[in-house]
Amino acid sequence: MGLYFVRHGQTDWNVRGKLQGKSDIALNETGRLQAVETREKLKQVAMDAIYCSPLMRARETAEIINVLWELPIQCDDRLMERSFGDMEGALRKDVPFDDLWAFSSASMFAGGEDTAHFYERVESFLKEILPYAQEKEILIVAHGGVSIPYQCFFEGYACVENLSDLIIANCEVRHYAAKQIQELVKG
């Protein structure tokens, strides 16, 4: 039993190094193939529930993986990528990308989501489903930015100096087992 987290497959904006945020960008062909490969990696897991971001790239990834179980996919806005406001569509190399994920970046960019609020939003979802993950296998399909608070929820925000280093690759899988979840629920 436990929580599985998968980042969506590749998009054309990933290839170009653009900040996607809440822009609703579709998977490209490589992203679809990555989702199929991830489905193969997860085929031994008897998943009980699937949650995903409502953004197209996450939904499509979840749908491709879900061919294994044919479960209802539950979209939750708390799993959406962080809004980068005016910087959406900007090239990562042209912005202070690593600084975007630090708590000190609260008002770093116009129209964007506050860092602390973003982390709290994702954590509220995790706290809600945590009791179920003690007894069920749950898949979450979301975004690279969401992978930061997901990992920090279990390991703490002091686990690395630069939180952007925690962003996982497209269709990478992170798993926390029931034992780790039970420790959090008890604590």
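## Helix 2: two sides

The face of helix 2 turned away from its buried side carries two exposed residues, Glu29 and Glu37. Exposed means over 50% relative accessible area, buried under 20%, and partly exposed in between (1.4 Å probe, protein chains only). Helices (H or I, at least four residues) and strands (E, at least two) are DSSP runs, numbered from the N terminus.

This is a predicted model: local features need pLDDT of at least 70, side-chain atom pairs count only at pLDDT 80 or more, and totals for chains, interfaces and linings use all residues. Residues are numbered from 1 along each chain as its sequence is written, and side-chain values use heavy atoms, leaving out hydrogens and water.

## Helix 2: buried side and end

Gly31, Gln34, Ala35, Thr38 and Arg39 are buried in helix 2. They cover an arc of only 145° around the axis, so they sit on the same side of helix 2. The arc is that of the directions from the helix axis to the C-beta atoms. The buried residues of helix 2 pack against strand 1, helix 3 (56-65) and strand 5 (173-177). Contact here means heavy atoms within 4.5 Å.

Asn28 caps the N-terminal end of helix 2. One of its side-chain oxygens lies 3.1 Å from the backbone nitrogen of Thr30. A polar contact is a pair of N or O atoms within 3.5 Å; within protein, one must be able to donate a hydrogen and the other to accept it, and residues adjacent in sequence count only if both atoms are side-chain atoms.

## The annotated site

Which residues carry the UniProt feature "active site"? The unreviewed entry places it at His8 and Glu81. They span 74 residues in sequence, yet no two of their C-alpha atoms are more than 10.8 Å apart, so they gather at one spot. UniProt positions follow the numbering used here, feature names are shortened, and annotations may be inferred rather than shown by experiment.

Is His8 buried or exposed? His8 counts as buried because its relative accessibility is 2%. His8 lies in the loop between strand 1 (2-7) and helix 1 (12-16). The side chain of His8 makes a polar contact with the side chain of Arg57 (3.4 Å).

Glu81 is also buried, with a relative accessible area of 7%. Glu81 is found in the loop between strand 3 (73-75) and helix 4 (97-100). A polar atom of the Glu81 side chain lies 3.0 Å from the backbone nitrogen of Gly145. Beyond four places away in sequence, Glu81 touches residues including Arg57, Trp101 and His143.
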